[in-house]
Amino acid sequence: MSKPQGERSIFLRASRDIETVKRQGRRISTALFNLLMYKMDDAPSRVGIIVGKRFGNAVRRNRAKRVFRALVRQRHQDLIPGQALLVFPKREALAQTHEDLTRMWDTSLRRVHLIRPRAD
């Protein structure tokens, strides 16, 4: 995997890593996004956000990336290490409130056991 650099290290950017996750990753689908996950190494987990041109114009694509980057930043410290995730937002995601989107994101990560168990 590529060398992480500061805050940007939580995001998956190297095309080689993205292609590996696309080819070998496990997929889950929700109403608001698709998520591909792949066990890479023991480094902190990294997340890539991919929004294709079919999603809409540049304004909508960039807004979707901003929204999902915010979700990733909120929960990144709780992700189990060593995972590479790819998020493919769906158009319906932009119509949701931030709370609904956060709830769906958390539920999806818990469902596939990507969140560290809480030490209650």
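**Close-up views of a predicted model**

View 1. The backbone oxygen of H98 is 2.8 Å away from a polar atom of the T102 side chain. The structure shown here and in the other views is a predicted model. T102 is part of helix α3, which covers residues 98–111. With a relative accessibility of 16%, T102 counts as buried, because buried means under 20%. Not counting residues up to four places away in sequence, T102 touches L71 and Q74.

**View 2. The buried and exposed sides of helix α1.** Helix α1 takes in residues 15–24, and D17, I18, T20 and V21 in this helix are buried. These four lie on the same side of α1, because they cover an arc of only 160° around the axis. Which residues are exposed on the face turned away from this buried side? That face carries S15, R16 and R23. The cover over the buried residues of α1 includes three strands: β2 (33–39), β3 (46–49) and β4 (83–89).

View 3. D17 and R46 meet through their side chains in a salt bridge, with 3.2 Å from N to O. D17 belongs to helix α1 and R46 to strand β3, so the pair ties together parts that are 29 residues apart in sequence. Are D17 and R46 buried or exposed? Both are buried. R16 joins D17 and R46 in a network of salt bridges. R16 itself is among the exposed residues of α1, on the face turned away from the buried side. In general, side chains of opposite charge can pair when their charged atoms come close.

**View 4. Two further salt bridges.** The count of salt bridges in the model comes to seven, and two of them are described here. One is formed by the side chains of K39 and D42, at 3.5 Å from N to O. K39 counts as partly exposed, with a relative accessibility of 44%. D42 has a relative accessibility of 68% and therefore counts as exposed, the limit for exposed being over 50%. The other salt bridge joins D78 and R75, whose closest N and O atoms are 3.0 Å apart. D78 is partly exposed at 24% relative accessibility, whereas R75 is buried, with a relative accessible area of 13%.

**View 5. N34 in strand β2.** N34 is found in strand β2. Its relative accessible area is 16%, so N34 is buried. The side chain of N34 makes a polar contact of 2.8 Å with the side chain of S29. Which residues does N34 contact, leaving aside its neighbours within four places in sequence? They are R27, I28, S29, L86, V87, F88 and K90.

**View 6. The nonpolar cores.** The largest nonpolar core has 27 residues. Those with the most contacts inside this core are L35, F68, L85, V87, W105, L109 and L114. At least two residues of the core come from each of β2, β3, α2 (58–75), β4 and α3. Helix α2 gives the most, with five residues. There is also a second, separate core of seven residues, including L12, V21, L36 and F88. In soluble globular proteins, nonpolar side chains tend to be buried together.

View 7. Not counting residues up to four places away in sequence, F68 touches L32, F33, I49, V87, P89, A93 and L101. The structure holds three aromatic pairs. One of these is formed by F33 and F68, an edge-to-face pair at 5.8 Å centre to centre, with 75° between the planes. F33 lies in strand β2 and F68 in helix α2, so this pair ties together parts that are 35 residues apart in sequence. Both F33 and F68 are buried. The rings of F68 and W105 have their planes at 80° and their centres 6.5 Å apart, so this pair is edge-to-face. It links distant parts of the chain, with F68 in helix α2 and W105 in helix α3, 37 residues apart. W105 is buried, as is F68. Which three residues do the ring pairs link into a cluster? The cluster consists of F33, F68 and W105.

Notes. Residues are numbered from 1 along each chain as its sequence is written. This is a predicted model: local features need pLDDT of at least 70, side-chain atom pairs count only at pLDDT 80 or more; totals for chains, interfaces and linings use all residues. Side-chain values use heavy atoms; hydrogens and water are left out. Buried means under 20% relative accessible area, exposed over 50%, partly exposed in between (1.4 Å probe, protein chains only). The arc is that of the directions from the helix axis to the C-beta atoms. Contact means heavy atoms within 4.5 Å. A polar contact is a pair of N or O atoms within 3.5 Å; within protein, one must be able to donate a hydrogen and the other to accept it, and residues adjacent in sequence count only if both atoms are side-chain atoms. A nonpolar core is a set of buried Ala, Val, Leu, Ile, Met, Phe, Trp, Tyr and Cys residues joined through side-chain atoms within 4.5 Å. A salt bridge is a side-chain nitrogen of Lys or Arg within 4 Å of a carboxyl oxygen of Asp or Glu. Rings of Phe, Tyr and Trp (its six-membered ring) pair if their centres lie within 6.5 Å; planes under 30 degrees apart count as stacked, over 60 as edge-to-face and the rest as tilted.
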